[in-house]
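Please look at the sequence and the structure shown below.

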Amino acid sequence: MGGTFDPIHYGHLVAAEEALVQFNLDKVLFMPTGTPARKTDQRVTPAEHRYLMTVIATASNPDFEVSRLEIDRPGVTYTVETMTELRTRYGGSADLFFITGADAVLEILTWKDSARLADLCTLIAATRPGYDLSPFMERPVPSGLRVETMEVPALAISSTDIRARVASRRPVRYLLPEAVAAYVSKNRLYRGDG
Ligand code: ATP
Ligand code: MG
């Protein structure tokens, strides 16, 4: 499961847990992005903070792991490169899935690499409030990418909203794990006061 995780929240965790069970996966590998290819114009929190928050959020789940692959790779992050590395690491017989939310799957189909991605993995698209997954449920997608859809309990939580809440001193409790909220507060992330 790739993401900026800026910060990680219960929407991510619920989607990962559902994928684990619905698709009978051995584990879910959380992959915080280095410099995300599609977010180069935005201010993204330093990778080390995002990595640590992801570790904190997933620590209690034995089936969740966090990878440093993308944050340790210099330059802009491309998912195809990451999937190629994972394919090498786990071997040709492993089934690889790329877990995304409904908004991200819509984007991925516009990537120039989506046909190459089709050879490497299957996409799992989780429902997300505000985004329509029905186009993927009926017909095959043009790039040949296999897309499995997955119903998850609707959580209208986003990192963007959490950052805005912290900046305007509104509550974030119950939107993300308490230990992550404590990390955010301790490191004065998202407060907008530098
Ligand atoms: P931002 O608002 O900064 O874009 P985000 O909440 O969308 O943050 P990302 O790190 O961009 O989080 O998302 C990582 C992956 O998790 C994406 O595939 C995204 O679609 C998915 N995701 C995020 N929030 C949810 C949610 N509430 N329900 C289902 N999937 C989600
Ligand atoms: Mg997002």
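In this predicted model, helix α7 supplies the largest share of the shell around ligand 1, namely 3 residues. Other elements take part as well: β1 (2-3), α1, β6 (97-101) and α4 (102-108), like α7, each provide at least two residues of that shell. Of the 21 residues around the ligand, those that come nearest are G101, D103, L155, S159 and T160. Sorted by class, the shell holds 12 polar, 5 nonpolar and 4 charged residues.

The side chain of H12 has an N or O atom 2.9 Å from an oxygen atom of ligand 1.

We turn now to the interior. In soluble globular proteins, nonpolar side chains tend to be buried together. The largest nonpolar core in this model has 34 residues, and M1, I8, V28, F30 and M53 have the most contacts inside it. Among the elements that each supply at least two of its residues are β2 (28-32), α2 (47-58) and α8 (178-186), while α1 gives the most, with 5 residues.

Leaving aside neighbours within four places in sequence, M53 is in contact with F5, P7, I8, V180, Y183, V184, L189 and Y190. Apart from this core lies another, of 23 residues, which include A102, L120, C121 and L145.

How values were computed:
Residues are numbered from 1 along each chain as its sequence is written. Chains are lettered from A and ligands numbered from 1 in the order in which they are written. This is a predicted model: local features need pLDDT of at least 70, side-chain atom pairs count only at pLDDT 80 or more; totals for chains, interfaces and linings use all residues. Side-chain values use heavy atoms; hydrogens and water are left out. A nonpolar core is a set of buried Ala, Val, Leu, Ile, Met, Phe, Trp, Tyr and Cys residues joined through side-chain atoms within 4.5 Å. Buried means under 20% relative accessible area, exposed over 50%, partly exposed in between (1.4 Å probe, protein chains only). Helices (H or I, at least four residues) and strands (E, at least two) are DSSP runs, numbered from the N terminus. Contact means heavy atoms within 4.5 Å. A residue is near a molecule or strand if one of its heavy atoms lies within 4 Å of it. A polar contact is a pair of N or O atoms within 3.5 Å; within protein, one must be able to donate a hydrogen and the other to accept it, and residues adjacent in sequence count only if both atoms are side-chain atoms. Ala, Val, Leu, Ile, Met, Phe, Trp, Tyr, Cys and Pro count as nonpolar, Asp, Glu, Lys and Arg as charged, and the others, Gly among them, as polar.
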